[in-house]
Amino acid sequence: MMHLNDTTGCVKGQHLTLHERIEIQTYKHLKYSNRFIAKALGRSHSTINDEIKRGTTVQKKLVNGNPIFHEAYYAETAGGKMNLQMHGKEFFQTSVSTFF
């Protein structure tokens, strides 16, 4: 069976680059869908979904004593988690993104 609508231009098994992760972060900030992002990057939509799951962080901020939760995708978080999975405990993330 031949698939004519193949959108992937990359070799299977190739990791996302930091540049691609930053593009995903930008597209998500602009409220684009995961499928749109996949087509724009020439990747599978499941790759984008997995990446967003890996890089999504929930942050808590107190406003007038009430907690407010903010959920967002960060390229640095996803890259750090991927490196941790690949290299084990010897790798740890040293930079922290600021909240607002």
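The axes of helix H1 (residues 18–29) and helix H2 (residues 34–41) come within 10 Å of each other and cross at roughly 145 degrees in this predicted model. Helices here are DSSP runs of H or I with at least four residues, and strands are runs of E with at least two, numbered from the N terminus. Axes are lines fitted to C-alpha atoms, for helices over the stretch in contact, with angles from 0 to 180 degrees between N-to-C directions. On the H1 side, the contact (heavy atoms within 4.5 Å) is made by Glu20, Glu23, Ile24, Tyr27 and Lys28, and on the H2 side by Asn34, Phe36, Ile37, Ala40 and Leu41.

The largest nonpolar core comprises nine residues: Leu16, Ile24, Ile37, Ala38, Leu41, Ile48, Ile52, Tyr73 and Ala78. Such a core is a set of buried Ala, Val, Leu, Ile, Met, Phe, Trp, Tyr and Cys residues joined through side-chain atoms within 4.5 Å, where buried means under 20% relative accessible area (1.4 Å probe, protein chains only). H2 gives the most to this core, with three residues. Beyond its neighbours within four places in sequence, Ile48 touches Ile24, Asn34, Ile37, Ala38, Leu41 and Arg43.

Strands S1 (residues 56–63) and S2 (residues 66–73) run antiparallel and are joined by eight bridges; pairing requires at least two DSSP bridges. Lys61 stands opposite Ile68 in S2. Two residues lie between the strands of this hairpin, in which Asn64 takes a positive phi near 55 degrees.

Residues are numbered from 1 along each chain as its sequence is written. Local features need pLDDT of at least 70 and side-chain atom pairs pLDDT 80 or more, while totals for chains, interfaces and linings use all residues, and side-chain values use heavy atoms, without hydrogens and water.

Methods:
Buried means under 20% relative accessible area, exposed over 50%, partly exposed in between (1.4 Å probe, protein chains only).
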